[in-house]
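Please load the model in the viewer and keep the selection panel at hand. The tour below moves from one selection to the next.

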Amino acid sequence: MRWLLRFAGTPFGLAVLGCLMLAGWALWSGGALDGPIARDVRTSSVYAAPGVAVDERAAEQVIGNRRLVVVFLAAGADLREGCDDVRRAADGTVVLVLRPEEDQDGYDTYGCALLPDRDGENFGRAAVAEMVVGRGIDEFADRPVEAVKVIAVNYDFLVRAGTVPDGSRTISPSLPRYLVAAAAVLAVLVGAAVTWLYGRRVGRRAAARAADRQELADSRSRLSAATAVLAQRIIDLDRRYATVERAVARTNQRRDFLRRYRELTLDYTELLPRIVAADERGQPDVDQLITEVKALTVRSDRLAARSPAVPGD
């Protein structure tokens, strides 16, 4: 749980949570949580509960493309609940929920006009539409399609009176909605996985580069220390060189010392430009330079140990 909280507190975690919220909204708006009535009403103008004998195709042909939805429920069903079930699926339409009366002589009706701004400026128009749309249908309790025809006539009257806005209903099939919602979820999951993997890869590369930089810095420090030791050895040998060079007697030992010292200083002079340019190259160059500096230091120590004695020492 702690790692999840830490993850949610990062910018990447917040982005993932935001994408998941968008995906959830896509699923919700696509009807993933719809009940059976809402799922049917999204793509149809007529719903008949199981056991209710209604020719849905004929009733749909009667309604056509009107912004009208008729819901036939079984006897004893909750009409208000039926209206609540279709609020999102049938938004923008006039919905009439029906159920047979107990004596089968008519219909119990519950109108819900899901008009725009029905809770504000159009509240009165919605109330009138709910009262008028179901008038006169009790005579057709045994002929549901004929009842739908009367409902369609009442709806047309409301349109002509300006109570209900004119226009046709656009029905969006549910399958594309589910596909869009599924694509949104898949995009979130795949995008999050790809971003997470890419972030790990970039992080590993950054850590490796940091380790390389630290190792190179350590190597340069060792190179600087080794170069300082060698420089001090050269300085000490230079004093000895001056003394030996001024000596009158030229023995083989002295001549060998002078030759070896000149070779040592020449090698050191050739090495200095490479040491200065070491910051512009990689780790192998620095390690090689450290090896060469140490080799020169060993040569200088040996040369100092074999330096000839001169008069006056």
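**A tour of helix packing and salt bridges**

Select Arg87, which is partly exposed, with 34% relative accessible area; the term covers values between buried (under 20%) and exposed (over 50%), computed with a 1.4 Å probe on protein chains only. Its partner in a salt bridge is Asp84, with 3.1 Å between the closest N and O atoms. A salt bridge here is a side-chain nitrogen of Lys or Arg within 4 Å of a carboxyl oxygen of Asp or Glu. Asp84 is also partly exposed, at 41% relative accessibility.

This is a predicted model, in which local features need pLDDT of at least 70 and side-chain atom pairs count only at pLDDT 80 or more, while totals for chains, interfaces and linings use all residues. Residues are numbered from 1 along each chain as its sequence is written, and side-chain values use heavy atoms, with hydrogens and water left out.

Next, select Asp267 and Arg299, whose salt bridge has its closest N and O atoms 2.7 Å apart. Asp267 belongs to helix H9 (residues 252-276) and Arg299 to helix H10 (residues 283-305), so this pair ties together parts 32 residues apart in sequence. Helices are DSSP runs of H or I with at least four residues, strands are E runs of at least two, and both are numbered from the N terminus. Asp267 is partly exposed at 27%, and Arg299 is partly exposed at 33%.

Then select Asp256, Arg259, Arg260 and Glu263, which are linked in a salt-bridge network. How many salt bridges does the structure hold? The structure holds twelve.

Move on to Arg66 and Asp156, whose side chains form a salt bridge at 2.8 Å, N to O. Arg66 lies in the loop between helix H4 (56-63) and strand S2 (68-72), and Asp156 lies in helix H7, so the pair ties together parts that are 90 residues apart in sequence. Arg66 is partly exposed at 22% relative accessibility, and Asp156 is partly exposed with a relative accessible area of 22%.

Finally, display helix H6 (residues 123-132) with helix H7 (residues 144-160): their axes are 10 Å apart and they pack at about 155°. That angle makes H6 roughly antiparallel to H7, a term for angles over 145 degrees. To view the contact (heavy atoms within 4.5 Å), select Val128, Ala129 and Val132 in H6, which meet Asn154, Phe157 and Leu158 in H7. Among the residues of this contact, five are nonpolar, one is polar and none is charged.

Note on methods:
Axes are lines fitted to C-alpha atoms, for helices over the stretch in contact, and angles run from 0 to 180 degrees between N-to-C directions. Angles under 35 degrees count as roughly parallel, over 145 as roughly antiparallel, 65 to 115 as roughly perpendicular and the rest as oblique. Ala, Val, Leu, Ile, Met, Phe, Trp, Tyr, Cys and Pro count as nonpolar, Asp, Glu, Lys and Arg as charged, and the others, Gly among them, as polar.
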